[in-house]
Amino acid sequence: GAPRVVGSLAVPGGAPAAHSLLGMVAAVETASEHPLAKAFAAAAGEAVPPVADATAVIGRGIRGRCGDHAVVVGTAGLLGDDGIELTPLQTGPAAAWVADATAAGQTLVFAAVDGHLAGAFAITDPPRDDAADVVGFLRRRGAGIELLSGDRPAAAELLARLVGIERVAGGLSPGDKADRVTALRRQGHRVAFVGDGINDAVALAAAD
């Protein structure tokens with residue numbers, strides 16, 4: 001479908017006063033080809049600051065610089081690799097916000113500025129209107145269908161229920177998806193894989 005930002009949470013002191021956190025995140029995401037990147041641009045609705053030295057980490061997020069500030073946007077694991085603690089989101093109202101977004105099956109994207117957690121964004125990614133019909137058509141043709149997602153398991157499971165897919169796995173890396181495709185082929189199955197050409201390139205190459 002068309003992903004969109006439906007909520008945000010700012011950590012006090014996390015972003016410099018000269019720029020909104022959303023603007024900085026949208027700026028870095030302009031260098032990303034991930035499907036969620038356009039959601040930040042649409043939400044910002046403003047001229048974003050220039051970005052430099054942007055480097056995508058496939059399936060996990062992106063790093064870049066806005067002026068003098070280092071910005072990291074992506075999964076909790078990516079921020080953890082950079083030594084950025086998510087503890088400000090684990091207590092009080094922030095923890096409740098995270099829990100509500102998780103329960104709603106929303107995708108959580110975290111942002112850090114200059115090595116410190118700056119905030120988080122909740123994104124909804126509803127399926128296309130015809131997705132359930134397509135899944136039903138394929139199942140009637142005898143195809144087994146699995147949803148393999150890099151998103152959190154709760155979000156992946158919600159999407160699977162909405163479109164009628166019973167086998168689902170979330171929290172997967174691009175390599176994990178390719179491994180599943182390879183395992184199915186070794187079992188004698190012919191495998192068609194549908195995904196975006198950046199994060200899913202390895203799995204696409206592994207499929208028939």
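**Labels and their cut-offs**

Author: Happy to, starting at the surface: Val134, Phe137 and Leu138 form a nonpolar patch there, with about 240 Å² of accessible area together. Keep in mind that this is a predicted model, where local features need pLDDT of at least 70, side-chain atom pairs count only at pLDDT 80 or more, and totals for chains, interfaces and linings use all residues. Residues are numbered from 1 along each chain as its sequence is written, and side-chain values use heavy atoms, with hydrogens and water left out.

Reader: What makes a group of residues a patch?

Author: Each member needs over 30% relative accessible area and no salt bridge; nonpolar side chains (Val, Leu, Ile, Met, Phe, Trp, Tyr) are joined within 5 Å, like charges within 9 Å. The areas come from the Shrake-Rupley method with a 1.4 Å probe, and only the protein chains shown count as cover for residues.

Reader: Why is Leu138 called partly exposed?

Author: Buried means under 20% relative accessible area, exposed means over 50%, and partly exposed is in between (1.4 Å probe, protein chains only). Leu138 has 36% relative accessibility, so it counts as partly exposed. You'll find Leu138 in helix H5, residues 131–140; helices (H or I, at least four residues) and strands (E, at least two) are DSSP runs, numbered from the N terminus.

Reader: Why is H1 described as largely enclosed by the rest of the structure?

Author: Because 8 of its 9 residues are buried. Among them are Leu21, Met24, Val25 and Glu29. The buried residues of H1 pack against H2, E3, E4, E5 and E6.

Reader: What makes a set of residues a nonpolar core?

Author: They must be buried Ala, Val, Leu, Ile, Met, Phe, Trp, Tyr or Cys residues joined through side-chain atoms within 4.5 Å. The largest one here has 19 residues, and Leu21, Val25 and Phe40 have the most contacts inside it. H1 gives the most to this core, with 6 residues. Val25 touches Phe40, Val73, Ala111 and Phe121, leaving aside residues up to four places away in sequence; a contact means heavy atoms within 4.5 Å.

Reader: How do you know that E3 and E4 pair?

Author: Two strands pair if DSSP finds at least two bridges between them. E3 and E4 have 6 bridges, in the antiparallel sense. Gly61 stands opposite Gly74 in E4. The two strands form a hairpin with 2 residues between them, and Gly67 in the turn has a positive phi of about 60°. E4 and E5 also pair in the antiparallel sense, over 4 bridges, with Val71 opposite Val113 in E5.

Reader: Why is the contact of Arg185 with Asp208 called a salt bridge?

Author: The label needs a side-chain nitrogen of Lys or Arg within 4 Å of a carboxyl oxygen of Asp or Glu. For Arg185 and Asp208 the closest N and O atoms are 2.9 Å apart, and the pair forms a salt bridge. The pair links distant parts of the chain: Arg185 is in helix H7, Asp208 in the segment after helix H8, 23 residues apart.

Reader: Is Asp208 buried or exposed?

Author: Its relative accessibility is 53%, so Asp208 counts as exposed. Arg185, at 38%, counts as partly exposed.

Reader: How many salt bridges does the structure hold?

Author: It holds 8. One of them joins Asp130 and Arg128, whose closest N and O atoms are 3.3 Å apart. Glu146, Arg167 and Arg180 are linked in a network of salt bridges.
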